[in-house]
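Subject: Structure handover

Hi,

Here is the structure I promised to pass on. My notes on it follow below.

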Amino acid sequence: MSERPIDGAVWSAQETRATARRLATVHEAALAGEVAPDAPPDAPRAVIGESWRRALSSGVDPDGDQAQHLLSVAELEHRRHRSQLASVLPVLNEGLLAAADAAQQIMVVTDAEGRVLWREGSAPVRRMADRLGFDKGADWTEGVVGTNAIGTALVARRPVLVHSAEHFVRSHHQWTCAAAPLHDPRDGRLLGTVDVSGPAHGFHPTTLSLVSAVARLAEGELRTRHHASLERLRSSAAPVLARLGGRALAVDPNGWVAGVTGLTPPDRVALPKAPEAGPLWLPRYGMCTLEPLPGGWLIRVGRPDREAGPSRVELDVSGRDGSTVTVSGPAGSWSHELTPRHAELLFLLASHPQGRSAAELAQDLFGDPSRTVTVRAELSRLRRHLGGVLAHRPYRFADGVTVDLRLPSRPVHLLPQSLAPAVAAARRRGSTGGTGDLGTKSGADARAVVVE
């Protein structure tokens with residue numbers, strides 16, 4: 001097998017068929033125990049031999065049906081929404097989709113857990129992939145389907161081509177696939193893979209180089225977006241830092257520094273994985289206070305100031321084109337444009353000052369109290385920006401925070417794109433949310449303002 005390196009070779013059709021036959025012979029011998037996976041001269045490539053060993057130790061059946069447990073539609077959409085790769089899909093599509101479709105291949109994008117998030121390309125090949133369980137939401141890791149470009153690239157952390165009988169499972173021997181891992185350029189974290197797959201006879205050996213190059217382009221786009229987000233944070237944080245005395249830093253959610261006052265600016269501050277507003281000990285600075293900023297955090301260096309937290313929130317759902325939240329406190333005020341889902345959640349919390357459980361919010365949003373996973377995930381994202389404003393157990397606005405809810409003059413215009421049952425009920429009743437308890441004091445002070 002060493003006479004013709006697979007990665008990067010340009011074969012004729014005859015050579016491709018001959019290579020497939022040799023690979024099948026090596027595969028059968030290795031599984032029968034007649035040839036060790038790493039024994040020359042008829043050993044597979046090192047990356048393949050190591051993968052076969054992992055598949056054998058994981059108990060993957062080379063003749064098995066590989067039954068898949070696909071993600072639910074809701075979980076698939078949740079993962080797509082959460083994935084940073086959604087923002088670079090145009091780059092991946094532009095670089096790979098036309099070539100894949102012309103060559104009767106498909107392009108696949110997975111998350112870091114090997115779950116297929118997006119799949120595009122040749123319709124006949126998609127139908128062939130369906131028969132293998134290679135569908136959206138499928139688990140394409142080595143421990144489930146054995147050696148394949150996606151699963152093996154996730155383990156090897158480098159681009160991988162898997163040709164024909166290099167696949168561990170025999171039903172995949174008619175396929176060839178090339179995958180490259182995608183990393184977050186900010187911290188090197190693995191985000192997932194991009195893959196091109198299809199029938200082995202129509203696969204061009206240079207596809208791996210193309211997939212690798214497009215993956216690097218996508219990572220470059222993520223790097224550009226990171227720099228742009230730092231510039232936006234720098235612009236919004238500058239007036240806040242200018243008003244502060246003492247030492248402070250403005251950082252993005254990953255700790256990259258956008259601005260400082262009273263300090264020598266570092267490149268990055270080590271933050272916890274899930275930082276929350278309030279007192280925080282940081283290795284370089286000791287005791288600090290963390291406050292949310294749009295797109296990041298304000299770090300006040302020194303003993304926490306009990307009076308430094310935000311004291312007023314204005315939730316504006318009066319417009320048809322979008323909703324905003326404005327947070328005010330001793331350090332000034334800042335505004336954040338809300339996603340439709342976050343606007344719904346904050347409206348519901350403002351309408352229920354006493355708080356709502358995850359199940360109650362799931363009923364409010366979806367009419368289904370069992371969808372608590374989605375609710376908790378969205379509230380976790382909200383609390384990263386509004387950690388000093390939102391409390392939990394139950395979810396509510398924090399004690400001592402005054403909430404001004406700005407409503408449209410006509411109830412029919414309340415969050416017009418929302419399908420949430422509780423929002424629809426508020427529109428019908430023409431009230432401030434249909435609860436009758438706005439203006440009470442339970443957690444936060446809440447009051448509604450109708451905007452003409």
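A nonpolar core, as used here, is a set of buried Ala, Val, Leu, Ile, Met, Phe, Trp, Tyr and Cys residues joined through side-chain atoms within 4.5 Å. Buried means under 20% relative accessible area, exposed means over 50%, and partly exposed is in between (1.4 Å probe, protein chains only).

Some ground rules. This is a predicted model, in which local features need pLDDT of at least 70 and side-chain atom pairs count only at pLDDT 80 or more, while totals for chains, interfaces and linings use all residues. Residues are numbered from 1 along each chain as its sequence is written, and side-chain values use heavy atoms, with hydrogens and water left out.

**Overall**

The protein has twelve helices and 18 strands. These are DSSP runs numbered from the N terminus: helices are H or I with at least four residues, strands are E with at least two. Of the 452 residues, 51% count as buried. The accessible surface is about 20,700 Å², and carbon and sulfur atoms hold 51% of that surface. Areas come from the Shrake-Rupley method with a 1.4 Å probe; for residues, only the protein chains shown count as cover. Take the contacts (heavy atoms within 4.5 Å) with a separation of 6 or more: 57% of them join residues 24 or more positions apart.

**Cores**

The largest nonpolar core has 36 residues. L346, F347 and F397 have the most contacts inside this core. Elements that each supply at least two of its residues include β11 (312–316), β12 (323–329), α9 (340–351) and α10 (358–366). Also among them are α11 (372–385), β16 (402–408) and α12 (421–429). The largest share, seven residues, comes from α9. Another core lies apart from this one and has 27 residues, including A149, A153, L154 and A179. In soluble globular proteins, nonpolar side chains tend to be buried together.

**Rings**

The search of the whole structure found one aromatic pair. Rings of Phe, Tyr and Trp (its six-membered ring) pair if their centres lie within 6.5 Å; planes under 30 degrees apart are stacked, over 60 edge-to-face, and the rest tilted. F134 and W140 are stacked, at 4.3 Å centre to centre with 20° between the planes. F134 is buried at 3% relative accessibility, and W140 is buried at 4%.

R371 lies over the face of F366, 3.9 Å from the ring centre. The test for a charge over a ring is NZ of Lys or CZ of Arg within 6 Å of the ring centre and within 35 degrees of the ring normal.

**Salt bridges**

There are 21 salt bridges in the whole structure. Each is a side-chain nitrogen of Lys or Arg within 4 Å of a carboxyl oxygen of Asp or Glu.

- D130 and R119: the closest N and O atoms are 2.8 Å apart. D130 is in helix α5 (residues 123–131) and R119 in strand β2 (residues 116–121), eleven residues apart. D130 is partly exposed at 38%; R119 is buried at 7%.
- E231 and R234: 2.4 Å, N to O. Both lie in helix α8 (residues 207–243), three residues apart, about one turn. E231 is partly exposed at 46%, and R234 is partly exposed at 31%.
- R381 and E378: 2.9 Å, N to O. Both lie in helix α11, three residues apart, about one turn. R381 is buried at 16%, and E378 is buried at 9%.

Finally, salt bridges link E75, R79, D111 and E113 in a network.

Best wishes
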